[in-house]
Amino acid sequence: MTDQPIHVIHENPEWLPPFARGFEVRGEAFVDLDVSDGAIDLAAAPPQGLFYNRMSASAHTRGHRYSPEYAAAVIAWLEAHDRPVINGSGAIALEVNKAAQLAQLTRAGVPVPRTVAALGDAKVAEAAALWGTGPVIVKPNRGGKGLGIQLFEDASEVVERAAAGTLQGSIDGITLLQDYIATPDGSVTRAEFIGGKLFYAVRIDTGGTFELCPADVCAPEDAAETGGPVFTVVDNAVEPAFQAGIERFLADAGIDIAGVEFARDAEGRPFVYDVNTNTNYNPDAEAAAGVSAPQALVDYLIRERNRRLAPPKVAAGRV
């Protein structure tokens, strides 16, 4: 055991209450490290403890345009001083770069939709002109919460919109063109990983929207058209070989906590299209299933703090 604190790096306090309750259940407190602003002395040693990074790619939508860059600097400082960071530099680099996510997923053998990353409207139009027939997704490389994603029935419309300069851009200037994976029932799956291992999977009835943030503070106002729940925890949604590939990707990327979203085509083949290292959980779906990912995550943080920062054992002296 150790009494060293757990620091939570974030820029959005609205997403903290479920985790705060998890700490309270265990009789623990955490240090709130809000990086919506701040300053660090790079010559000084960081505070002691374990650090958990919850930086989000959607920070710019809350007026915190440069918080991810600042968080990356803070994490680099922490790691340079050998402070343990859960979801460290590898995680934050991929949180704000979907193209990099897809490249590393492919390297790990995880299937992803065909994707082109283009910088500038001219290159977007050029890629769309070569796309072929059928629908295409256009999304920002750095987005968050599904914001800015558009579905076009034909790539020719993307050519026209790009030429006119009317496509919604990405905060980093990079636009992704991606195959649309049409699922038979309109649902997608989000697999939640804690400590690099699958905790549970949740079925999401998209209702035709791409804004699928599961947290209660950003739940979609319009529920699924079926009248049923939007989020449902489901069993046996991730086959072993697919799960192993995702866990290999997470280990290679240095990601401890993640929500991995995928869609299945008409043949049932899964394609991962997004990885959220600042993952949130839906309380209604968890209550119905009798599980709590926030509590499991807090327990994981406490175990890692105790394991990594426990004082060395003193060997008993000889008599």
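1. Asn-236 sits in the loop that links strand S11 (231-234) to helix H7 (240-253). Helices (H or I, at least four residues) and strands (E, at least two) are DSSP runs, numbered from the N terminus. Asn-236 is not a glycine, yet its phi is positive, at about 55°. With a relative accessible area of 81%, Asn-236 is exposed; the word means over 50%, whereas buried means under 20% and partly exposed lies in between (1.4 Å probe, protein chains only).

2. Some ground rules come next. The model is predicted, so local features need pLDDT of at least 70 and side-chain atom pairs count only at pLDDT 80 or more, while totals for chains, interfaces and linings use all residues. Residues are numbered from 1 along each chain as its sequence is written, and side-chain values use heavy atoms, with hydrogens and water left out.

3. Is Asn-87 buried or exposed? Asn-87 has 0% relative accessibility and therefore counts as buried. This residue lies in the loop between strand S4 (85-86) and helix H3 (89-95). Asn-87 also has a positive phi, about 60°, without being a glycine.

4. Helix H4 (residues 98-107) has the buried residues Lys-98, Gln-101, Leu-102 and Leu-105. Why do they count as lying on the same side of H4? They cover an arc of only 95° around the axis, where the arc is that of the directions from the helix axis to the C-beta atoms. As background, an α-helix has 3.6 residues a turn, so residues three or four places apart point the same way. The buried residues of H4 pack against H3, S5, S6, S8, H7 and S13, contact being heavy atoms within 4.5 Å.

5. The two ends of H4 can be checked as well. At its start, a side-chain oxygen of Asn-97 comes to within 3.3 Å of the backbone nitrogen of Ala-99. A polar contact is a pair of N or O atoms within 3.5 Å; within protein, one must be able to donate a hydrogen and the other to accept it, and residues adjacent in sequence count only if both atoms are side-chain atoms. After H4 comes Gly-109, with a positive phi near 85°.

6. Strand S8 (residues 174-179) runs antiparallel to strand S5 (residues 115-119), and 5 bridges join them. Two strands pair if DSSP finds at least two bridges between them. Val-116 faces Leu-177 in S8. S8 also pairs with strand S6 (residues 136-140), again antiparallel and over 5 bridges; here Leu-176 is the bridge partner of Lys-139.

7. An open sheet of 5 strands has the order S11-S10-S9-S12-S13, with antiparallel pairing. S11 and strand S13 (270-276) are at the edges with a single partner strand each, so one side of each has no neighbour in the sheet. The twist from one strand to the next averages 30°; axes are lines fitted to C-alpha atoms, for helices over the stretch in contact, and angles run from 0 to 180 degrees between N-to-C directions. Within this sheet, 6 bridges join S9 (residues 187-194) to S12 (residues 257-264), and Glu-192 stands opposite Gly-259 in S12.

8. Thr-183 is in the loop between S8 and S9. Its relative accessibility is 17%, so Thr-183 counts as buried. A polar atom of the Thr-183 side chain lies 3.1 Å from the backbone nitrogen of Gly-186. Apart from its neighbours within four places in sequence, Thr-183 is in contact with Ala-263 and Arg-264.
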